[in-house]
Amino acid sequence: MNANVKLGLKQRYSLLTRGLDWETTYQPKEKIFPYAEFEGIKIHDWSKWEDPFRLTMESYWKYQAEKERKLYAVLDSFAQNNGQLGISEARYVNALKLFLTGISPCEYQAHRGFNHVGRHLPGVGPRVAAQMQSLDELRHAQTQIHTLSHYNKFFDGFHEFTHMHDRVWYLSVPKSFFEDARTAGPFEYFIAIGFAFEYVLTNLLFVPFMSGAAYNGDLATVTFGFSAQSDESRHMTLGIEVIKFLLEQDPDNLPIVQKWVDKWFWRGHRVLGLVAMMMDYMLPKKIMSWREAWEIYFTEAGGSLFGDLARYGLKVPKYADIASAEADHISHQNWCTFYQYSQAAGFHTQLPTAEEMDWLSEKYPTTFDKYYRPRYEMWAQMEKDGKRFYNNALPQLCNVCQIPMVYTENTDPSAVSGRVSEYKGDKYHFCSDGCKDIFDDEPEKYSQAWLPVHQIFQGNCGGPELEDVLKWYRLNIGADNLDQAGSPDQKMWDQWMADRAGVGG
Amino acid sequence: MAVIALDKDYADKVEIRDRIENFHGNQVVYVHWEDHLSFCAALAFPLPPSMPFGALVKDVLPVYYGMHPDFPQIDWSAVRWVVDGTPLIPALDKSLQENGIGHKSSIRFWTPGLDGYNHSRA
């Protein structure tokens, strides 16, 4: 063989990614891959795995390094030019606080999850792909932290994001979502994160945050978004490949996969409620409503996706119709929750302004004026009377999604929806049929849930009083929490703007 | 259905975190005032099972619901109670336990004539 002959891309790819395995001799294969079978998924031929992108490690490093160089150049210039002064309003930063405490640690969890899958799937093709995704997720966590660290120099609420992620009541929602996925078997994890989250729902997470950043003058976050974009499209491609591979390998896989798709669609829908309220209430300059985003990215894009997958027998996720109906409500219900628990949040809240309320009426013609405007009017009146409305008791939580049980019946949006199951003599409460089904399928797992409210009652969160718990969260009382108006963030911003006006003459 | 887990003995190792024993003599009780959704969800309280129902009404609820303009107008004799899905006429001097309210029971109540701020159910 002539060593000087250059190999073709395909040949080269195959040499670099295949035949890296060996057949075991002194240990049975199932001991090397102990997680491969217990979920009941049947794989007959791993070599049938088609790599959706032929990316070698060598080119992976090259591409990623190039993207990093560009990103960090922008971040440096953002910092040197005091880019934080260019954002729309100080309160925009609250969306970033929610992102850093709620999402970035999940990128890290995704990294660990894909690392695990990348070790434990018996096929070399998906193993390589999962390892690359694992590195991507780690990179996303790092670049998000670096991007947002600039804001931490000036604004409150960023300083203890990993600690808060592990402890703060509402952050148990995304945290427990990923822990649920990571404690499942490798195939379920792949469907949960690779397909349901990265493929079906990812646009509903990324587009709102990154477009939100663009609309609100946050160049640093936009650039991070661009830097992650090509990774995200690779992840989506991988997610769809996994589904097709599993469904093609054995017809017995279909009911298992369908169950996971149903479950993780619903779990994802609940987590995305945080994004919904971010879009409708936290962005000073709005991109579109959550309802509109849902239409584009789930109803239309998801509709055509499940149209394609119908040939494998896979159906639209159970309760997709309920989720679509809820798109008219969840952003309002979630924001009302944070408004009344503002004393225990790691970011600032505010009532929507009169203009914002009109925008919400227009975007939600069937629900906003009827169900939500009166609440805001009542609270505005109470603020005016010097009696700002706080909910001083802890809320009942759903045992699966861990969100306060704020959601309402589709048949009556004024009646809170509640479901209950019994397991080993105890009651378990849920916000929806979707969450109840998940519990009923695996009560052993979810009866172990670490529910923040119950943990406070059990004395495991620093003490019985609100102040004790907030200290245990490492939340700076009076700085990180409460309303935007009167916050140190807002005072600093107002001073900056006044100074700037002075300089401008 | 048998649990799907790598560990065959998984089900035996489950430790239920919210067993009543973990609440230091209290039980968790959820209370929700219907048609008043300015309180976003049912409220959770750790309460002694021996607490009289009347004390819940007189000492607990006013602290947490009292700021709502409807609250002072409640006619407690007309309130309709539902515990774990079943209507209840509570004996005020009897304990929560004697009224059939157990660990993680859910108490919902309706206040006739009062349906939220400007009748908006808020």
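Let us start with the overall build of chain A: a compact globule of 505 residues would have a radius of gyration near 23 Å, and chain A, at 24 Å, agrees with that. The radius of gyration here is taken over C-alpha atoms, and the globule rule is 2.2 Å times the number of residues to the power 0.38. Before going on, please note that this is a predicted model, where local features need pLDDT of at least 70, side-chain atom pairs count only at pLDDT 80 or more, and totals for chains, interfaces and linings use all residues. Residues are numbered from 1 along each chain as its sequence is written, while chains are lettered from A and ligands numbered from 1 in the order in which they are written.

Along its principal axes, the C-alpha trace of chain A spans about 85 × 65 × 45 Å. Its secondary structure comes to 21 helices and five strands; helices (H or I, at least four residues) and strands (E, at least two) are DSSP runs, numbered from the N terminus. Of the 505 residues in chain A, 47% are buried. A residue counts as buried if 20 or more other C-beta atoms lie within 10 Å of its own, as exposed if 12 or fewer do, and as partly exposed in between, with C-beta atoms placed from the backbone. Now look at contacts in chain A between residues at least 6 apart in sequence: 78% of them join residues at least 24 apart. Two residues are in contact if their C-beta atoms, placed from the backbone, lie within 7 Å.

For a close look at helices in chain A, find H3 (residues 57-80) and H10 (residues 219-249), whose axes come within 9 Å and cross at roughly 175°. That makes H3(A) roughly antiparallel to H10(A). On the H3(A) side the contact is made by A:Lys67, A:Leu71, A:Val74, A:Leu75 and A:Phe78, and on the H10(A) side by A:Leu219, A:Ala220, A:Thr223, A:Phe224 and A:Ser227. These residues divide into seven nonpolar, two polar and one charged. For these classes, Ala, Val, Leu, Ile, Met, Phe, Trp, Tyr, Cys and Pro count as nonpolar, Asp, Glu, Lys and Arg as charged, and the others, Gly among them, as polar. As for the geometry, axes are lines fitted to C-alpha atoms, for helices over the stretch in contact, and angles run from 0 to 180 degrees between N-to-C directions. Angles under 35 degrees count as roughly parallel, over 145 as roughly antiparallel, 65 to 115 as roughly perpendicular and the rest as oblique.

With 19 other C-beta atoms within 10 Å, A:Tyr108 is partly exposed. Leaving aside neighbours within four places in sequence, A:Tyr108 is in contact with A:Leu138 and A:Ala141. The C-alpha atoms of A:Tyr108 and A:Arg139 are separated by 8.7 Å, although the two residues are 31 apart along the chain.

Now turn to chain B. It has two helices and five strands, which follow the pattern α-β-β-α-β-β-β along the sequence. Chain B has a radius of gyration of 18 Å, whereas a compact globule of 122 residues would have one near 14 Å. Its C-alpha atoms fill a box of roughly 55 × 35 × 25 Å along the principal axes, and 34% of its residues count as buried.

How do the two chains meet? In chain B, 39 residues are in contact with 42 residues of chain A. Helix H1 (10-13), strand E1 (27-33) and strand E2 (43-47) of chain B each give two or more residues to this side. The largest share, four residues, comes from E2(B). By class, the side of chain B that touches chain A has 24 nonpolar, nine polar and six charged residues.

Four of its five residues are buried, so E2(B) is largely enclosed by the rest of the structure. It pairs in the antiparallel sense with strand E1 (residues 394-395) of chain A over two bridges; two strands pair if DSSP finds at least two bridges between them. Here A:Pro395 has B:Leu43 as its bridge partner, and A:Leu394 stands opposite B:Ala44. E2(B) also pairs with E1(B), in the antiparallel sense over five bridges, with B:Pro46 as the bridge partner of B:Val28.

Putting the strands together, six of them form an open sheet with mixed pairing, in the order E1(A)-E2(B)-E1(B)-E5(B)-E3(B)-E4(B). The edge strands are E1 of chain A and strand E4 (86-88) of chain B, each pairing on one side only.
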